[in-house]
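Trainee: I am new to this structure and would like to go through some of the terms used for it. Please show it to me.

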Amino acid sequence: MKTQIIKELILVLCCLCCFPIYSSGRDHQVTDIFQWGKLPDLPDPLGVAGPFAGISNDVLLVAGGANFPVSLFDGGKKVWTEKGYVLQKQSSGRYRWINTFVLDRPIAYGASVNVPRSVVFIGGCDAEQCYDEVVRIEWTGDRVQQYPWPQLPQPCGFTSAALIGTTIYVAGGQSAVNPQEALKNFWALDLTDIESGWKVLEPWPGPARALPVAAAQDGCFYVFSGHDYVPGENGAVVRKFLNDAYRYDPITKQWTRIADLPVSVAAGAAPGFPAGSTHILIFGGNDGSLAGREMELKDNHHGFSQNILAYHTVTDTWRIIGKMPAGHVTTNAIQWGEGVVITSGEIRPGVRSPELYLGTPVETKTGFALLDYGVLFVYLILLVGIGIYFSRSERTTEDFFLARHRIPWWAAGMSIFGTQLSAITFMSIPAKSYLTDWTFFIFNLGIFTIAPLVVFFFLPFFSRLNVTSAYEYLELRFNSAVRMLGSASFVLVQLGRMGIVLYLPAIALTTVTGINIYFCIALMGVLCTIYTVLGGIQAVIWTDVVQVIVLIGGVIISLVLIALNVDGGLQGIIQTGFVQNKFKTFDWNFSFGSPTIWVIVIAWFGNLIPYASDQTVIQRYMTTASEKEAARSIWTNAFLTIPASILFFGVGTALYVFYKSKPDLLNPVLSTDAIFPWFIAHELPAGISGLVIAGIFAAAMSSLDSSLNSTATALVTDFYRRIKREASDHTCLNLARLLTVIFGVIATGTALIMAKMDITSLWDVFIKIIGLFGGGLAGLFVLGIFTRKAHGTGALVGFVVSIIVQILVQFTGSIHFLLYGVTGIVSCFTAGYLASIVIPVAVNPANNLTIFTLTKVKQQL
């Protein structure tokens, strides 16, 4: 009866996911991403062009520059200054100039780069010459300190620079005040090895240039526009304005020409501003349309561009995304907090402005409609309803932990698939293929390598021994210490995982729905804990089934909608994907430090970690009625993985094609991982987008509910029941529910703390934690099942060695993170086996639970 009700619910959801697809009409262009306000004017009432500027210990430093005390058009001469000023934000929220300082000489038109606690002023010139000097400037709280740094390879002014990691890169410029040619220079200074000085690198493959705009984004260095010096009609040197652009990858040390700018942005505010994880913003610039007519136009010159150009590093596209309050050139765009400061500059030939502007990001309007919020609310209430529904049958620990083996094989298989398909995965796989290609697709095929191993070599022990916790096997095979170590390791991994699987999806969901991140985390954490406490593993599995259907349906709808809204439809997506090399699947380079085919194939065996040693997965297939049913559930998960992977990687490629043709619909401040939720919220029909976003909420909750129930199972089964053998089943059930509540509170609280601290790159940390303990844990099972001689002491030695090996591997960074699990398994197995040979320990004959004695398992029960 219950299964029939669930089937009817699933049918309803399938119908909803097949809702007629139409253009939502919610397409919108993201413009004016900054709200501009004025800061106090520069103390120099004329303003300056070419100043140095940057942030040191949360104050703004502006120094140097040049202006015309007497108008250029009245015969005035340019005057350089050595004066510097300090702008501080007061506790009241107002800004005030609080101090002054003096540079060693009057100087302007160099480059400025923010480094930790300081600003580096690079090169520059005065009326007579350009300089090779580099100075680090630091505000100490009451004064400015200046420290000389290694000189440039040659004098250089009118240049641009940017910082990537711990390396400053300088590109372009000129070596004289009145040059005959621009420089084609590219230099680098490693901040961890300053004494070695500047390194001369291979420059970009285009023409030389002065006054380019440099930028750093996603680990790469960019050079945009600028002007070259070429002979004019009468033999005089004239400026040739450029609109080409180049990207430099410090890892491969290769330059790539990227899309040309719509217009030249020579002398635009520098460096370019990195917005989000994939955009670069360029403020203003000189397009050269009135070059050479300065003396003719004089004060009738219309000034310089106020446009803000946005370059998207993924789709290689440009667009205008807003305007500045005024068109300033030969100035700086300095990141201060979350905003950007434009520091004085030139507004017309010969005319400076003392005005400083602060642009603060404008909150992007959410694409969520009222109907979407309603669908989200109903969906989340439905999940709680499932928990309440199954609570009536949760009378024993066998009900709570194993559903009394009543789960159909297909539902268990979908639940395993749903457990592996976390909200993070749902967002990150499309984001990965959108950002790069299909290289990681091959990794997902590894399940077909692992499934037979699990079915034929691991499942028989779990099934025939009728274990509740996977780690019971470790005690039967080795001893109680190994069991408790394995179970404790699992619990520690889950504790490290719970907060992350709530926090990371919440970031993206908050961006696209407008729901406060704290409320978002609390909502998921509280509801998930409620239905898990009430319904046990049955509620966990059936909510997994529902969310898998919703998410897969959402991906299919998204693919269809994209195909209907790009030129050429599905064929156009495929053609563009091939042209842009988005379907690249194999990297044949022989390297273990990048995701080459060799790394990915070896990493297939890392899938043993979830399927052979992770209680959250093993518990799923142990809820079925028999070993045969459990095997079917494992194969169901395997066969679901292939079409699902094609869909997820395919939708990432489709998103690339969609936004390449419609760059105006991108949100520049959006993280790459949020690209798919952004599309769902803004492009899918109202109601359908609410359902799919609700599915992402549910996927995050699914990852948490799996951890909550399985952790409670492990602690009660492997620890409490071993210590309190006389404890009643009712007491154990109540303890399991109490632990579920406690861990739910811990997970929610941890995620809220992460949100408060604004911690990023936690997924990488999580992968390292999994590799640190997960590989060794799987190694214990491999050691027990595939060897006769291994014993408990050897297993403990192997586990400790695997952790040491993992720490060394991660510290050296010698291999790709996909191999962490494999190195953990191999090191644990190898060290454990050798230790078992070397260390003499009597092995209990009853512990012969290996593949060599598989037929004896039933006899030992």
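Trainee: Is Tyr 109 buried or exposed, and how do you know that?

Mentor: This is a predicted model, and every value here is computed from it. The relative accessible area of Tyr 109 is 4%. Buried means under 20%, so Tyr 109 is buried.

Trainee: What makes the backbone of Tyr 109 worth a remark?

Mentor: Tyr 109 has a positive phi, about 60 degrees, although it is not a glycine. Tyr 109 sits in the loop that joins β7 (95-102) and β8 (111-115).

Trainee: Which other residue has a positive phi although it is not a glycine, and where does it lie?

Mentor: Ser 225 has a positive phi of about 55 degrees and is not a glycine. Ser 225 belongs to the loop between β17 (220-224) and β18 (227-231).

Trainee: Why does Ser 225 count as buried?

Mentor: The relative accessibility of Ser 225 is 0%. The cut-off for buried is under 20%, so Ser 225 counts as buried.

Trainee: What is the peptide bond from Ala 270 to Pro 271 called, and what is its omega?

Mentor: The bond from Ala 270 to Pro 271 is cis, and its omega is near -5 degrees. Pro 271 is in strand β22 (residues 269-275).

Trainee: Which residues of α18 and α19 meet?

Mentor: On the α18 side they include Leu 704, Leu 708, Leu 715 and Tyr 720, and on the α19 side they include Leu 735, Leu 739, Phe 743 and Ala 747. The residues of the contact of α18 with α19 divide into 12 nonpolar, 4 polar and 2 charged.

Trainee: How many salt bridges does a search of the whole structure find?

Mentor: The search finds 21 salt bridges. Side chains of opposite charge can pair when their charged atoms come close.

Trainee: How do you know that Glu 294 forms a salt bridge with Arg 239?

Mentor: The closest N and O atoms of Glu 294 and Arg 239 are 3.1 Å apart. A salt bridge needs such atoms within 4 Å, so this pair forms one. Glu 294 lies in helix α2 (residues 294-297) and Arg 239 in strand β19 (residues 237-241), so the pair ties together parts 55 residues apart in sequence.

Trainee: Why is Arg 239 called partly exposed?

Mentor: Arg 239 has a relative accessible area of 34%. Buried is under 20% and exposed is over 50%, so Arg 239 falls in between and is partly exposed.

Trainee: What separates Glu 629 and Arg 632?

Mentor: They are 3 residues apart in helix α16 (residues 627-661), which means a separation of about one helical turn. Glu 629 forms a salt bridge with Arg 632, with the closest N and O atoms 3.5 Å apart.

Trainee: Which residues are linked in a network of salt bridges?

Mentor: The network links Glu 398, Asp 399, Arg 404 and Arg 406. In the salt bridge of Glu 398 with Arg 404, the closest N and O atoms are 3.6 Å apart. Glu 398 counts as partly exposed at 32% relative accessibility, and Arg 404 is partly exposed at 36%.

Methods: Residues are numbered from 1 along each chain as its sequence is written. This is a predicted model: local features need pLDDT of at least 70, side-chain atom pairs count only at pLDDT 80 or more; totals for chains, interfaces and linings use all residues. Side-chain values use heavy atoms; hydrogens and water are left out. Contact means heavy atoms within 4.5 Å. Helices (H or I, at least four residues) and strands (E, at least two) are DSSP runs, numbered from the N terminus. Ala, Val, Leu, Ile, Met, Phe, Trp, Tyr, Cys and Pro count as nonpolar, Asp, Glu, Lys and Arg as charged, and the others, Gly among them, as polar. A salt bridge is a side-chain nitrogen of Lys or Arg within 4 Å of a carboxyl oxygen of Asp or Glu. Buried means under 20% relative accessible area, exposed over 50%, partly exposed in between (1.4 Å probe, protein chains only).
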